[in-house]
Amino acid sequence: MIADLLRVPDELSARVPAEQRGPGLGRDAVRLLVSRGTAEVGHHTFGELPDLLAAGDVLVVNTSRTLPAAVDGRAGDGRGRGEPVVVHFSTRGDRWHPAGRAAAGRWAVELRSPDGHGSTRPRAGGPAGTVVRLPGGARLVLEAPVDPGGVRLWWARVTGARVPELMRRHGRPIRYGYTDRDQPLAAYQTVFAVDAPGGGSAEMPSAARPFTAELVARLVSKGVQFAPVSLHTGVASAEAFEPPYPERFVVPPVTAWLVNAARARRRAAARRGRAAGGTPAGRIVAVGTTAVRALESAAGADGRVRPAAGWTELVVTPERGVRAVDGLLTGLHEPTASHLLMLEAVATAGTADGEMLRHAYAAAVRGRYLWHEFGDLHLVLPD
């Protein structure tokens, strides 16, 4: 595992968005590490992405909007002033959630403690019955852990306000301690974000953040296609190796058609030998681990993608492998993050060899690449 071999220095955390690091910079002013196979690593700017893709390639993008999911409150028995906390609203439950009707009308939340610098630090969850007083007279009551074996995320009910309106009026984007200051919600929205009734992500689908309208136009002009999916992400894992929780997703018919058609063209070209010696067109490149999870949740054992919507509990690992995705554009993840298992699955086509990731991440540290949601990106392509 990378965690056994690599330590990411604190100074490599991206503390502000790229456009705030110097005059004249935009969102796309980030670096791009490119991995092909086990040993080959290339260093590029993000603006060079059109030169790294080919006509017929498909970029699968997550259209989920980022929610102002952090709301201040006070936890206790509801009678005294209570302990100051920050509520992170993670996921809205409903009767179709894997937890069944028990989840209907509730939200999965994480309570965190203010750190005195505008961010938060971890806090033990619970206990059941804890009351959190929220702005505008709303109240939240913790009921039970989301995972019976866990304590971080809890199911909770809110009275006195509708949660979307509560977040809109009193919330702000979730912020972690490695950032310098609060940012407006617009800084956490991607160019692909669209409004979806009742939907949204607690944290930004950050791999798509560096895309600009101008870069999208350049890619389209080259013949690269964009295929939308949505996966509404919950709070990021604060625990080492903690797997992702169930999340709501949609793979629309148009995306299933685009992906299947591109894969069919690529197979046909390979049979005719036209891809030999050149870039194989028709690669399916997911923009972010959320796009991988959504698309793979809709892929059958034969790799064919079918329209799908609902909740996914899929965890992509090297043992499971990937069925529809050929490449991945993603940020640089903490060495203990469960996302690295997904990267390994994409990079090694289902084998358990993690040499490519170790090589790439060591190169990223040596090259002073930046980590986290405002940081640099990593493009993993087929060998």
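Reader: How much space lies in the largest cavity?

Author: This is a predicted model, in which local features need pLDDT of at least 70, side-chain atom pairs count only at pLDDT 80 or more, and totals for chains, interfaces and linings use all residues. Residues are numbered from 1 along each chain as its sequence is written, and side-chain values use heavy atoms, with hydrogens and water left out. On a 1 Å grid over the protein atoms alone, a cavity is a set of points where a 1.4 Å probe fits but cannot get out; a pocket is an open set with protein on both sides within 12 Å along at least five of seven lines, and lining residues have an atom within 4 Å of a point. With volume taken as the space filled by probe spheres set on the points, which are joined across faces, edges and corners, the largest cavity holds about 40 Å³.

Reader: How do the residues lining the largest cavity divide by class?

Author: The lining includes Val-86, His-88, Arg-172 and Asp-182. Ala, Val, Leu, Ile, Met, Phe, Trp, Tyr, Cys and Pro count as nonpolar, Asp, Glu, Lys and Arg as charged, and the others, Gly among them, as polar. The division is 3 nonpolar, 4 polar and 3 charged.

Reader: Which element gives the most to the lining of the second largest pocket?

Author: The second largest pocket has a volume of about 420 Å³ and a lining of 23 residues. Helices (H or I, at least four residues) and strands (E, at least two) are DSSP runs, numbered from the N terminus. β5 (83-92) and α2 (163-170) each supply at least two lining residues; the most, 4 residues, come from α2.

Reader: Which residue in β2 stands opposite Arg-36?

Author: Two strands pair if DSSP finds at least two bridges between them. Strand β1 (residues 31-36) and strand β2 (residues 40-45) are antiparallel, with 6 bridges. Opposite Arg-36 stands Glu-40.

Reader: Which residue in β16 stands opposite Leu-32?

Author: β1 and strand β16 (residues 377-381) run parallel, joined by 5 bridges. Opposite Leu-32 stands Leu-377.

Reader: How far apart are the end C-alpha atoms of helix α7?

Author: The expected span of a helix is 1.5 Å times one less than its number of residues. Helix α7 (residues 355-366) has 12 residues, so it should span 16 Å, which agrees with its end C-alpha atoms being apart by 17 Å.
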